[in-house]
Amino acid sequence: MKTYHLAIDLGATSGRTILASFDKGKVDMRELTRFKHPMLPIAGHLFWNLPELYYQVLIGIKEAVGQLAESGEKLSSIGIDTWGCDVAYFNADATLSGLPYCYRDSHTDGAIEKFAEKMPTDRIYELTGIQFMNFNTLFQLHTIRRNSPETLDNADKILFIPDALAYMLTGKAVTEYTVASTSQILNPNTGDLDMDLLRELDLDRSKFGPMVNPGEEIGRLTRQVMDFTGASDIPVIAVAGHDTASAVVAIPTPDKDYAYLSCGTWSLMGIETPEAIITPTSRKYNFTNEGGIDGTTRFLKNICGMWIFEQCRPEFKGAPANIGELVALCEKSGCESIINPDDPRFAHPESMIQSIWEYCEETGQEIPETTADYVRVAFRSLARRYKTVVEWLREMSPVEIKRLHVIGGGSQNAYLMQYAADELQMPVIAGPTESTALGNVLLQLRACGLAGSLDEMRKISINSTTTKTYIPH
C-alpha cells in the first residue's frame, strides 16, 4: 500500500516542501514548494522571520493535502529539518516572543572568550565534545543573558528552530536530540542538556522541551492548523531535526567502513561512531560530536566546501555563464598550486582571487593566471584538504575507512569527485544529492512503522537513489 509523507527541508537561506511516496521498499520524491527566507536586518542585528517560515510551512501542508485529495489519497506524516544552533522564544500562551537571532549576527563576536571567564574551554569541550564557534547556542544564550536577561527570564519555552515550528503546528514542545547536539549545551554521555552549563546560563531545564529521539511522534496538528490547511489530525514526527543528521541517515551504504562528506557551500566530513570521541587529539584537530540516530554520534569536522569557487565566480572575466562549462575549465589548466581552503584569509575576503594569488605567492607556488587555473586550484585544494581530514579521522576512528560517501550538491561535480578519489586513493561514492529530504522521510517511515533499523532504512535509500563511483587513477 502506497503511503505519503511531507518533508519540510529548511536551509539557512531558502526552504522547500517535498512530497514523498513510499511503496514496495522505495521512496519517490517531488518538490511541491520552494521559497526564500532572507535574514532580517533590524536595529543593527540579524533575525529570522519565523512567522513567515511558519506560514510557508502551512502553505506546503495545504498544497500537499490538496494534491493528494484529488486522487483520494491522504498524507500520513510530516517531518521538519533545519539548520542548527539558533533558537526561538515563546510566551506561556504559546505565542512567539520576538524574532529569533540569526547565527550570523555579530552580537556573539568574542562570546567564547566571555564564557571562558566562567568556565574553561577545556571543561566545556570535555562536557560536550563540540567544536568552538561563536554562534553555538551556548554562546548565543550567554550573550543574551549578558545583554538582555529579560528575554531569557520571560521565556516560557526556548526551542530550536525545527522544534519551534513543530510546537506552532502541534502545541507540543520538545527538544529533538540531533539538533540539540549542535548547541554545545548537550552532554553526549548523559543524552540531555548539561546541568552545569545550564547553571552557568542561569536557565532551568524546564524552559526546554523534553528530549525526544528521531523517529518519535511529537504530536498532531492543532484544530487551527487543520482548518487553515484542510488537513486531518496528521502526526508531526521528530525526524533528525538537524539537516546534516537527516542527510547522514540516507547514505546508501551496506556497511560502516566509510567516511562521509556532506558537500555544499560548506562541507562536513566525518564518521558514525557508537560513542562520542572526546580526547586531546579530537580537540587539537577541532572535531565535533553531534547526535545521530539510535544512540550513534556523528564525529565530524566542518571544513570549507564550494565556498571558494562560488566566491571566485563573480570575479571571473569572460568566463562561461553555464556552471557545467565553467567547472570543466579545470581540465584546461596544469597549475599545480595548492591552498589550504580553511585558512582564515578565505573566510570573507574582499577579493577571493586576490587572496588565492597572495597565498600562492607567500608559499612560493605558481601564481594562477587564468580562470581555468583558479578553478583547478579551488577543486584540487579541496580534494587535498579532504585527504588531510581523512588522515586525522583515521587516527581516531574505531572503524576502517575504505571509501568516502559524498552527499549534497557538491556530489554532482565530477571533477571534484575524481580529484578526491585520486587524493584519497580510495573509491568515492557520489550521491544522492537529495539526501537530507530522503533522510527526513526515512525517519517518518520509522515512526509510521514502515521502516525499522538504520540498516533497513539504508536499504530503502539504496533502492531509492542512484550514485556514481569514482575510482582513483
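View 1. Helix 4, residues 137-147, is mostly covered, with 9 of its 11 residues buried (under 20% relative accessible area with a 1.4 Å probe, protein chains only); helices (H or I, at least four residues) and strands (E, at least two) are DSSP runs, numbered from the N terminus. The buried residues are Thr137, Leu138, Phe139, Gln140, Leu141, His142, Thr143, Ile144 and Arg145. Among the elements that cover them are strand 7 (87-90), helix 2 (111-116), helix 3 (121-128), helix 5 (149-154), strand 8 (157-160) and helix 8 (195-201). This is a predicted model, in which local features need pLDDT of at least 70 and side-chain atom pairs count only at pLDDT 80 or more, while totals for chains, interfaces and linings use all residues. Residues are numbered from 1 along each chain as its sequence is written, and side-chain values use heavy atoms, with hydrogens and water left out.

**View 2. The largest nonpolar core.** A nonpolar core is a set of buried Ala, Val, Leu, Ile, Met, Phe, Trp, Tyr and Cys residues joined through side-chain atoms within 4.5 Å. Of the 56 residues in the largest such core, Met269, Ile308, Ile356, Phe379, Tyr386, Leu404 and Val428 touch the most other members. Helix 15 (residues 371-396) supplies the largest share of this core, 14 residues. A second, separate core of 44 residues includes Leu32, Phe90, Tyr103 and Val212.

**View 3. Contacts of Ile308.** When neighbours within four places in sequence are left aside, Ile308 is in contact with Ile339, Pro341, Phe346, Met352, Ile356 and Ala378, contact meaning heavy atoms within 4.5 Å.

**View 4. Packing of helix 15 against helix 16.** Helix 15 and helix 16 (residues 414-424) pack at an angle of about 40°, with their axes 8 Å apart; axes are lines fitted to C-alpha atoms, for helices over the stretch in contact, and angles run from 0 to 180 degrees between N-to-C directions. Helix 15 is therefore oblique to helix 16, since angles under 35 degrees count as roughly parallel, over 145 as roughly antiparallel, 65 to 115 as roughly perpendicular and the rest as oblique. From helix 15, Arg376, Phe379, Arg380, Leu382, Ala383, Arg384, Tyr386, Lys387 and Val390 meet Tyr415, Leu416, Tyr419, Ala420, Glu423 and Leu424 of helix 16.

**View 5. Packing of helix 17 against helix 18.** The axes of helix 17 (residues 435-447) and helix 18 (residues 454-464) come within 10 Å and cross at roughly 130°, and the two helices are therefore oblique to each other. Leu438, Leu442, Leu443, Leu445 and Arg446 of helix 17 make the contact with Leu454, Met457, Ile460 and Ser461 of helix 18.

Technical notes:
Buried means under 20% relative accessible area, exposed over 50%, partly exposed in between (1.4 Å probe, protein chains only).
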